Amino acid sequence: QVQLVESGGGLVQAGGSLRLSCAASGRTFSMGWFRQAPGKEREFVAHIRLSGGSTDYADSVKGRFTISRDNARNTVYLQMNSLKPEDTAVYYCAAKGSYLSTKYDYWGQGTEVTVSS
């Protein structure tokens, strides 16, 4: 069982930046970030493969957010720039436990991001 612990959330003004981190207790494969705004369903934000060479982003964050990972530290990051009030949400880290996983096997508890206008 892999545990994921997110950190780095907080309150920031619109146009500002935050960097989220997600530390995994064990080896993971593809990892991703999701978010859930108040009253809305959880949505995909970004994804990165084990090698770090392949990434994918939701259209709403392309050009503003960057996902990266440090496999030596079992950690994935989400650099968020040019933040907007609509980015306000609880951000969750997720990980797949194997190459064969068709869904995310592990989830973190979430870290809250609030962007003020």
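Predicted model: local features only at pLDDT ≥ 70, side-chain atom pairs only at ≥ 80, totals over all residues.
**Entry 1: ground rules**

I number residues from 1 along each chain as its sequence is written.

**Entry 2**

I looked up the strand order. Strands here are DSSP runs of E with at least two residues, numbered from the N terminus, and two strands pair if DSSP finds at least two bridges between them. The order β1-β3-β8-β7 makes an open sheet of four strands with antiparallel pairing. The edges are held by β1 (4-7) and β7 (65-70); each has a single partner strand, so one side of each lacks a neighbour in the sheet. I noted an average twist of 15° from one strand to the next (axes are lines fitted to C-alpha atoms, and angles run from 0 to 180 degrees between N-to-C directions).

Four bridges join β1 to β3 (residues 18-24) in the antiparallel sense. In β3, S21 stands opposite S7.

**Entry 3: T28**

I found T28 in the loop between β3 and β4. T28 is buried, at a relative accessible area of 3% (buried means under 20%, exposed over 50%, partly exposed in between, with a 1.4 Å probe and protein chains only). Apart from neighbours within four places in sequence, T28 is in contact with V2, L50, R69, A95 and K96 (contact means heavy atoms within 4.5 Å). With R69 there is also a polar contact, side chain to side chain, at 3.4 Å. A polar contact is a pair of N or O atoms within 3.5 Å; within protein, one must be able to donate a hydrogen and the other to accept it, and residues adjacent in sequence count only if both atoms are side-chain atoms.

**Entry 4: R42**

I placed R42 in the loop between β4 (31-36) and β5 (43-48). R42 is partly exposed, with a relative accessible area of 44%. Neighbours within four places aside, R42 is in contact with F34, R35, Q36, Y92 and W107. I also checked R42 against Y91: the two are 49 residues apart along the chain, and their C-alpha atoms are separated by 9.1 Å.

**Entry 5: salt bridges**

How many salt bridges does the structure hold? I have six, where a salt bridge is a side-chain nitrogen of Lys or Arg within 4 Å of a carboxyl oxygen of Asp or Glu.

R35 and D87 meet through their side chains at 2.9 Å, N to O. R35 is in strand β4 and D87 in the loop between β8 (75-80) and β9 (89-95), so this pair ties together parts 52 residues apart in sequence. D87 is buried at 0% relative accessible area, and R35 is buried at 5%. R35 also forms a salt bridge with E43, the closest N and O atoms being 2.6 Å apart; E43 is partly exposed at 36%. Salt bridges link R35, E43, R64 and D87 in a network.

I also noted the salt bridge of D59 and K62, at 3.2 Å from N to O. D59 is exposed at 64%, and K62 is partly exposed at 49%.

**Entry 6: aromatic pairs**

Rings of Phe, Tyr and Trp (its six-membered ring) pair if their centres lie within 6.5 Å; planes under 30 degrees apart count as stacked, over 60 as edge-to-face and the rest as tilted. By this rule I have five aromatic pairs.

F29 and Y99 have ring centres 4.7 Å apart and planes at 65°, so the pair is edge-to-face. F29 lies in the loop between β3 and β4 and Y99 in the loop between β9 and β10 (106-107), so the pair ties together parts 70 residues apart in sequence. Is F29 buried or exposed? I have F29 as buried at 10%, whereas Y99 is exposed at 63%.

F34 and F44 are also edge-to-face, because their centres are 5.8 Å apart and their planes at 75°. F34 is in strand β4 and F44 in strand β5, ten residues apart. F34 is buried at 12%, and F44 is partly exposed at 27%.

Methods:
Heavy atoms only, no water.
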